[in-house]
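Morning, everyone. Let me put the model on the screen and walk you through it.

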Amino acid sequence: MELDNEKMQRLRREADFLFEKYPEHTLILLHTKHKNTVKLEKQKYLITNSTKLQDFLNALISKLNIDRNHVLYFKINNKVIYDTSKTVKEIYKEYNDQNIFMVIEICRYTKYIRKALSLLTLNMI
């Protein structure tokens, strides 16, 4: 997520305020690199630290209007999140850098492309 210095400072102040008011919560910022990935109504979420990341992502996915032929996956600091059964606090400690908030990138791929690539790989063996 590319942020200019002014926007980053504003987000940091907001995160500091929220962290003081809600110390058992984590501020999550969602973004996409490509505008056609998904349309997000909200980009900021305040989630309790004990919430499983999987529960948050499932609730998010259910609100998004996604074609059945597409699959979403999520990245933090350019690392794909594979184990979403951990709590938000555990994921924050594992993936996050110095930010008080956690930035999650939403990515999408088409199931048909994955299937075609799998078939191509099998045919090459």
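**Strands, core and loops**

Start with β1 and β2: they run antiparallel and are joined by five bridges. Two strands pair here if DSSP finds at least two bridges between them. Helices (H or I, at least four residues) and strands (E, at least two) are DSSP runs, numbered from the N terminus.

A word on the source. This is a predicted model, where local features need pLDDT of at least 70, side-chain atom pairs count only at pLDDT 80 or more, and totals for chains, interfaces and linings use all residues. Residues are numbered from 1 along each chain as its sequence is written, and side-chain values use heavy atoms, with hydrogens and water left out.

Back to β1, residues 25–31. Six of its seven residues are buried, so the strand is largely enclosed by the rest of the structure. Buried means under 20% relative accessible area, exposed means over 50%, and partly exposed is in between (1.4 Å probe, protein chains only).

Now the core. A nonpolar core is a set of buried Ala, Val, Leu, Ile, Met, Phe, Trp, Tyr and Cys residues joined through side-chain atoms within 4.5 Å. The largest one has 21 residues, and Ile28, Leu30, Leu53, Phe56, Phe74, Ile104 and Ile106 touch the most other members. Which elements each supply at least two residues of this core? They are β1, β2, α2, β3, α3 and β5 (102–110). The largest share, four residues, comes from α2. There is also a second, separate core of seven residues, with Leu11, Ala15, Leu18 and Leu29 among them. As background, nonpolar side chains tend to be buried together in soluble globular proteins.

Take phenylalanine 74. Leaving aside neighbours within four places in sequence, its contacts (heavy atoms within 4.5 Å) include Leu57, Leu60, Ile61, Val80, Ile104 and Ile106.

Next, aromatics. How many aromatic pairs does a search of the whole structure find? One. Rings of Phe, Tyr and Trp (its six-membered ring) pair if their centres lie within 6.5 Å; planes under 30 degrees apart count as stacked, over 60 as edge-to-face and the rest as tilted. Tyrosine 45 and phenylalanine 56 have ring centres 5.3 Å apart and planes at 70 degrees, so this pair is edge-to-face. Tyrosine 45 sits in β2 (residues 44–48) and phenylalanine 56 in α2 (residues 53–63), so the pair ties together parts eleven residues apart in sequence. Tyrosine 45 is buried at 15% relative accessibility. Phenylalanine 56 is buried too, at 7%.

On to helix α3, residues 88–95. Val88, Ile91 and Tyr95 are buried there. Why are they on the same side of α3? Because they cover an arc of only 65 degrees around the axis, the arc being that of the directions from the helix axis to the C-beta atoms.

Two loops to finish. Valine 38 lies in the loop between β1 and β2. Buried or exposed? Valine 38 is buried, with a relative accessible area of 11%. Again leaving aside neighbours within four places in sequence, valine 38 is in contact with Thr32, Leu64, Ile66, Leu72 and Ile106.

The other loop runs between β3 (70–76) and β4 (79–80), and asparagine 77 is found there. Its phi is near 50 degrees, a positive value in a residue other than glycine. Asparagine 77 is partly exposed, at 38% relative accessibility. Asparagine 78 is in the loop between β3 and β4 as well. Phi of asparagine 78 is near 65 degrees, also positive, and asparagine 78 is exposed at 57%.
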